[in-house]
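I record what I looked up, in the order in which I looked it up.

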Amino acid sequence: DKTQLQTYECDGLTNFRAVPGAVVLPRTAEQVQTIVRVCAKHNIPFVARGAGTGLSGGALPTPGCVVIGLARMNRVHSIDFENALITVEPGVTNSQVTDLVRSAGFFYAPDPSSQIVCTIGGNLAENAGGAHCLKYGFTTTHVLGCEVVLPTGELVWLGSPHGVPDTPGYDLTGVFIGSEGTLGVATKAVLRIVRRPQCVQTLLAAFDSSSAAGQTVSDIIAAGMLPSAMEMMDRISIFAAEAAVHAGYPDCECLLLVELDGPIDEVNTQMQRVRELCTKNGALGGDKAQRLAQSDSE
């Protein structure tokens, strides 16, 4: 009914809305094929949708179209720790992948801020990244193959169904990822999982200007270091965070967060160099200058 259809009238970009003509919730790739074939036969536009957390309008329907909701396709087909692979359907959430492999010492690197609810299918469509994309790359770096229903209803594999990297021929998987569903509907994906680092350390440095913090970022990269994450917060962001969660951030113009991971000795050495670069660029003195926010090692 109309009320149910309105649930699917937009994604996280709520400024733009359109009520679809119908919403279908398949559970198998064969059902997706059937839906797409009907749409192709009758010239009906369709839009694939995951959890609807995207902020770019990737799941925005057009009036009267068919929305293919893939949330019920949430099976895990296989986990191969020996080859560091996991094969899942598009409705599996991002954080579930890491939860499934954590006990064996692995994690799934792409970590968008909505990872608790966003789905792998949506991650493929948007080429999702996250705080750790600086070192580990975006979704496209971690997808070795995917099963796709083309706009004609044909079911094909892009890349390798067995997780073989760098298969011969064109990188069709790379073309598909980030296409926002315009090239087909993913129904299965082979994902690369990564060994958890031995040590993780995070530094929080306070500066009196965003220029000084930005220069520190440039200096860290120029020094040959590749942090797992780097993020900056200006005064407005700091004020908003403090008002919301009372994180205890220092009163400054800009905060720089630097996270390093890897072998313990390497991380300790690099962290000392990061501290030196922060000091060189005028990080504020005392406890507010460089505060170790997190340290985790195994």
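**Entry 1: the Arg235 group**

I began with Arg235, which is partly exposed at a relative accessible area of 36%. The model is predicted, so local features need pLDDT of at least 70 and side-chain atom pairs count only at pLDDT 80 or more, while totals for chains, interfaces and linings use all residues. Residues are numbered from 1 along each chain as its sequence is written, and side-chain values use heavy atoms, with hydrogens and water left out.

I then looked up the partner of Arg235. Its side chain meets that of Asp251 in a salt bridge, at 2.9 Å from N to O. The two residues belong to distant parts of the chain, 16 residues apart: Arg235 is in helix α8 (residues 235–245), and Asp251 is in the loop between α8 and β13. Helices (H or I, at least four residues) and strands (E, at least two) are DSSP runs, numbered from the N terminus. Asp251 is exposed, with a relative accessible area of 56%. I also noted that a network of salt bridges links Arg235, Asp251 and Glu253.

**Entry 2: other salt bridges**

I applied one criterion: a side-chain nitrogen of Lys or Arg within 4 Å of a carboxyl oxygen of Asp or Glu. The count by this rule is nine salt bridges.

One of them joins Lys135 and Asp261, with the closest N and O atoms 2.5 Å apart. Lys135 lies in helix α5 (residues 133–136) and Asp261 in strand β13 (residues 254–262), so this pair ties together parts that are 126 residues apart in sequence. Which of the two is buried and which is partly exposed? Lys135 is partly exposed at 29% relative accessible area, and Asp261 is buried at 6%.

I also checked Asp99 and Arg102, which form a salt bridge with the closest N and O atoms 2.9 Å apart. Asp99 counts as partly exposed at 45% relative accessibility, and Arg102 is partly exposed at 41%.

**Entry 3: the five-stranded sheet**

I traced an open antiparallel sheet of five strands, in the order β4-β5-β9-β7-β8. Strands β4 and β8 (155–159) stand at the edges with a single partner strand each, so one side of each has no neighbour in the sheet. From one strand to the next, the twist averages 10 degrees. Axes are lines fitted to C-alpha atoms, for helices over the stretch in contact, and angles run from 0 to 180 degrees between N-to-C directions.

I required at least two DSSP bridges between two strands before calling them paired. Strand β5 (residues 85–88) is joined to β9 by four bridges, and Thr87 has Val190 in β9 as its bridge partner. Six bridges join β7 to β9, where the partner of Glu147 is Lys188. Strand β7 (residues 143–149) pairs with β8 over five bridges, and Cys146 stands opposite Leu158 in β8.

How many of the eight residues of β9 are buried? Seven are, so β9 is largely enclosed by the rest of the structure.

I found an open parallel sheet of three strands in the order β1-β3-β2. Its edge strands are β1 (22–24) and β2 (46–49), each pairing on one side only. Neighbouring strands here are turned by 25 degrees against each other on average, direction ignored. Four bridges join β2 to strand β3 (residues 66–69), with Ala48 opposite Ile68 in β3.

I next followed helix α2 (residues 29–41), where contact means heavy atoms within 4.5 Å. The helix lies across β1, β2 and β3, at about 165 degrees to β3. Helix α2 also lies across β7, β8 and β9 (185–192), at about 50 degrees to β7.

**Entry 4: a nonpolar patch**

Finally, I looked up Ile79, which is in strand β4 (residues 76–80) and is partly exposed at 34% relative accessible area. Val76, Ile79, Phe81 and Leu100 form a nonpolar surface patch with about 280 Å² of accessible area together. Patch residues have over 30% relative accessible area and no salt bridge; like charges are joined within 9 Å and nonpolar side chains (Val, Leu, Ile, Met, Phe, Trp, Tyr) within 5 Å. The areas come from the Shrake-Rupley method with a 1.4 Å probe, and for residues only the protein chains shown count as cover.

Notes
Buried < 20%, exposed > 50% of the residue type's maximum accessible area, 1.4 Å probe, protein only.
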